[in-house]
Each structure stands twice: as structure tokens, then as C-alpha cells.
Amino acid sequence: MSFYRNHVYPDLVCWLGNPKPIDEIRQRILPLAQGNVLEIGVGPGGNFAHYDPERVNRVYALEPNPGMLRRAEEQRRRTQLDIEFLDAPGERIPLADASVDTVVSTFTLCTIPGVVDALHGIRRVLRSHGKLIFFELGRSPDAPVRKWQERSEPLFRWAFQGGHVTRDVPSLIAQNGFDIEQIEAGYLAPFPKSWSYCWWGLASPGVAKGLPLENIASQD
């Protein structure tokens, strides 16, 4: 399984590429990142080209998969960004409290096993004025599509290393210490509807939700 994870899976992600509907959303939301940026689940580095080097001081690129890191390093060499790779999972962010201005998650909160721990970590490292930029796959609002999502999720989780198509990511974000400021959603062709319902938007650390992390509601 480690061979698939470290070699086949990175090739699969690169082969699927960056279809136009997805790339257009990346182009819209990623230039909003500013200051010190933490990107969780960098993958092959597909977001690097969309950051604005005039607004971004440094990118902390978190990725535990060595095959993905090799490909992300190739993308790094094509940019002017100051990128520091962090070989760690999203549940264990090795940065100090209140040390970043922006956290970026694209197709990571829908995949990461310990998503609640990851959200707690994101909230910990974000400054009070910081933003979470998210672009995630998940649970459709349409009942017929949800049935296909539930049927196909075991295959999706195997092929995409734990990816979920039934996870309600906005609810997870809102229930774990964030205020969602902007959000859009829709099916992104050319993928089947059961594997293509996405949300994208901005969230900030919730002032009214400044509770100890152990008291914040969570959801698997």
C-alpha cells in the first residue's frame, strides 16, 4: 500500500490534472492569500502558480506524502515564492500559535483522516485577523446524488487515499471555531456528480467561539 500511496497515487493526481472549472476557482480564491501562508495538503503543488508573490511573504507547504513532495518541489522551482516544505500530516501542524495570516486547504479537509484535529490546529496557528481559504469536495444537497456518493465512497476512499465524498465540510468548519464569511458551491464538471460537488470560500476564527478547543463541537 505504501508503493501505491507514494508512487501511484501522486501520478494519478497529476494525471487527472487541473480541469478548467477547478482551475478557474483556484485563480479566483488563491490570490486572496497574504502574509505568511500555511497550505495544508500541498499535493503536487498545483496551487503555487496562483499565489500573488507581491502579497505573500512565505508559504509553509505541509505534505506528508514523499511522492507529492517531489512533484511539489518541481513546481516550487517555477515560482518566485519563498516556500518551506513541512513533512507532516495536517493533524500535527509544526508551527507556533498565531504565526500565519492565511491557511489554504484545497481538497484536503475532505480527505484528511483527523479533520477535527486539523481544524483545531488551523485555528491555533491563525492570527486573530487571519483567513482560511477553502476549496473542498463533499456531500451533495441532492438526495439521488447522495445515494451514489454513499455507494461509491469506499472506492473513492481507496483510490484517493482516504478521500470522502459524503463529508459536510462547511458544517465541520463552522462547528470547530470558524465563522464562514463567503461560500459558493456547485458541481464541477467533467467529473460525475457523485464525485464533483464542491464548496469554496473564506472563513475566519470565530470571535464568539473562542472556547477551549476541547469544548468545541466536533464531527467525523
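In this predicted model, K193 sits over the face of Y187, 4.9 Å from the ring centre.

| Pair | Centre to centre | Angle between planes | Class |
|---|---|---|---|
| F48 and F85 | 6.3 Å | 55 degrees | tilted |
| F135 and W200 | 5.9 Å | 75 degrees | edge-to-face |

The pair of F48 and F85 links distant parts of the chain, 37 residues apart: F48 belongs to the loop between β1 (35-40) and β2 (56-62), and F85 to strand β3 (residues 83-86). F48 is buried, with a relative accessible area of 1%, whereas F85 counts as partly exposed at 25% relative accessibility.

F135 is in strand β5 (residues 126-137) and W200 in strand β7 (residues 197-205), so this pair ties together parts that are 65 residues apart in sequence. Both F135 and W200 are buried. Together with F107, F135 and W200 form one aromatic cluster.

The cysteines give another picture. A search of the whole structure finds 0 disulfides. C110 is in no disulfide, and the nearest cysteine sulfur, that of C198, is 7.6 Å away. A disulfide needs the two sulfur atoms within 2.5 Å, so the 7.6 Å between the sulfurs of C198 and C110 is too far for a bond. C110 is buried, with a relative accessible area of 2%, and C198 is buried, with a relative accessible area of 3%.

Notes. Residues numbered from 1 in each chain as written. Predicted model: local features only at pLDDT ≥ 70, side-chain atom pairs only at ≥ 80, totals over all residues. Heavy atoms only, no water. Buried < 20%, exposed > 50% of the residue type's maximum accessible area, 1.4 Å probe, protein only. Phe/Tyr/Trp six-rings, centres within 6.5 Å; stacked < 30°, edge-to-face > 60°. Helix = DSSP H or I, 4+ residues; strand = E, 2+ residues; numbered from the N terminus. Lys NZ or Arg CZ within 6 Å of the ring centre and 35° of its normal.
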